[in-house]
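Dear colleague,

Please find the structure below, handed over for your attention.

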Amino acid sequence: MTQTLQLPIIDLASSDRISTALSIRQACMECGFFYLTNHGVEGDLLHEVLEGNRIFFALPLEEKMKLALKENRGYTPLYTENHDPSSSSKGDSKESFYIGPFEDTTHGYLNQWPAEEILPCWRSTMEDYYKRVLNAGKRLISLVAMALNLEENFFYDTGALNQPNGFLRLLHYPGDLGPFGENTYGASAHSDFGMITLLASDGVGGLQVCREKTKEPRIWENVHYVPGAFIVNIGDLLERWTNCLFRSTLHRVMPTGQTRYSMAFFMDPNPDCVVECLKTCCSESHPPRFPPIRSGDYLEERFKLTHRS
């Protein structure tokens, strides 16, 4: 029987920032996952966004396909993605909708939106949520820097987050997919690509974590729902930055027979940021494990490997 993972709870509003940073450090070293409370996104807004999520994915497929993914923004249908190349699955049984930074128009990376007459106020609700979660992510990143024995503004002063590359991804896992085989996944096993992810959901189960990604057989543990809290996890780029001190942990979503809705916010560095081992995370006896890499190149390559064109 799959066990339930007990994750630490981090209070983003705590006045004891040093203690909070130490708790984040321990959580990121031990598991790479934790709950985040008092993050500044009100329950009413979370409910409104979840309802907007449900309404969007209830649209006819032909209506959603008018917003098909372009430049990493827009709609992806069922089975478009497969994170686990070793799996014989036909693809992940989820559909999604990507919303990217509002300010980035330099390369034509403009967000796509449903028509106002079809979904009134939908765009403004999602924009409001995006901004609130981005603000929570910025506050959290300052504590992450402190957890790494860096100045709290380190990631901003070095240019990594002077223009955050945040993406909001709305997710729908249908519950009526028929019999589940052993190769049926809502989201196949993967680690996230970027810096940190802040996840909110409707409370339906299915999310599982594997704390030891290099060991076989893999041991999966359920992540239970904490009302109002974000589930935060570390991405690959932060694992590279920290020389594997902080763990980018494998996770997946298993089908439960129930429809599941969630919103993942990926807080990533700007594409031109060069990610290389932090001085506080290496030594002569523990040299850098990864060569420097441009954030945008790494994220683009990972995205191409997991998404069917």
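Predicted model: local features only at pLDDT ≥ 70, side-chain atom pairs only at ≥ 80, totals over all residues.

How many bridges join strand β8 to β13? There are 6 bridges between strand β8 (residues 196–201) and β13, and the two run antiparallel. Within this pairing, L198 stands opposite F265 in β13.

Residues are numbered from 1 along each chain as its sequence is written, and side-chain values use heavy atoms, with hydrogens and water left out.

Helices (H or I, at least four residues) and strands (E, at least two) are DSSP runs, numbered from the N terminus. Two strands pair if DSSP finds at least two bridges between them. Strand β6 (residues 167–173) also pairs with β13, in the antiparallel sense and over 7 bridges; here L168 has F265 as its bridge partner.

Strand β13 (residues 260–267) has 8 of its 8 residues buried, so it is largely enclosed by the rest of the structure. Buried means under 20% relative accessible area, exposed over 50%, and partly exposed in between (1.4 Å probe, protein chains only). One side of β13 carries R260, S262, A264 and F266, and the other Y261, M263, F265 and M267.

In helix α2 (residues 43–57), the buried residues include L45, L46, V49 and L50. The buried residues of α2 fall within an arc of 160 degrees seen down its axis, so they line one face of the helix; the arc is that of the directions from the helix axis to the C-beta atoms. The exposed residues D44 and H47 lie on the face of α2 turned away from its buried side.

Yours sincerely

How values were computed:
Expected span 1.5 Å × (residues − 1).
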